Amino acid sequence: FYREEEKSKGRLKPLLAQVLVLSDENNKKSCLIAVDSLGFSKNQTDEIRINVAKCIGTKKECVMVCFSHTHSAPDSSDSRYGYFNFACNRIYDIVKEAASKLKAIFIGWDNVQAEIGVNRRNTDAEIDKRVGVLKICDADSMEIKLLVLRMTAHGNTLKRDNYFISPDWFGDVRDLVG
């Protein structure tokens, strides 16, 4: 996201990468990674998927990377700052940690309705108001361990005049649900 000076002036909130590693009864592993970023290039994302697959002993096709789409994260394509390598190293560390702490879980999925946004381009257009919720609980205690939300929304709360690193609205949703 273009900023005239190309430098942040600080951090409003830390950016996160969150990792879920799953293993079935045959020890086949899969991984979901959510990264606070506008997004990485296809080549960068494939590099992460390949390395994570090697790390947990699975195929690249069993690793999914998604992005919060914050416009307030560093540009991963600018190699001058080393952000992509930094982010990758942190992701690989948490993948290894998650893979070492596998526990039995209970999983449930549902959709709920939410007034999440407006269509800025066509006010008469339909808006997808569904929020998909994947709930993961500890199998023994039924304590919620993770909520994965699928929302159709494009954040526009922080604009070009923002020079602070932040997960934007997604960080606030995470704090609220957390």
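**Notebook: rings and cysteines**

I began with charges over rings, and I found that the charged end of K9 sits over the ring of Y163, at 4.5 Å from its centre. I note here that the model is predicted, and I keep this in mind for each entry below.

Next I looked up aromatic pairs, and a search of the whole structure gave three of them. The pair I followed up is that of F40 and F84, which is edge-to-face, with 5.4 Å from centre to centre and 85 degrees between the planes. Where do F40 and F84 lie? I found F40 in the loop between β2 (29–35) and α1 (42–56), and F84 in helix α2 (residues 83–99), so the pair ties together parts that are 44 residues apart in sequence. I then checked the accessibility of both residues and found that F40 and F84 are buried. I also recorded that F40 and F84 belong to one aromatic cluster together with F67.

My last entry is on the cysteines. How many disulfides are there? The count comes to zero, and I wanted to see why for two of the residues, given that a disulfide needs two cysteine sulfur atoms within 2.5 Å. For C31, the closest cysteine sulfur is that of C55, and because the two sulfurs are 8.6 Å apart, they are too far from each other for a bond. For C137, the closest cysteine sulfur belongs to C66, and at 20 Å this is again too far for a bond. I looked up the accessibility of these two cysteines as well: C31 is buried, with a relative accessible area of 4%, and C137 is buried too, with a relative accessible area of 2%.

Technical notes: Residues numbered from 1 in each chain as written. Predicted model: local features only at pLDDT ≥ 70, side-chain atom pairs only at ≥ 80, totals over all residues. Heavy atoms only, no water. Buried < 20%, exposed > 50% of the residue type's maximum accessible area, 1.4 Å probe, protein only. Phe/Tyr/Trp six-rings, centres within 6.5 Å; stacked < 30°, edge-to-face > 60°. Helix = DSSP H or I, 4+ residues; strand = E, 2+ residues; numbered from the N terminus. Lys NZ or Arg CZ within 6 Å of the ring centre and 35° of its normal.
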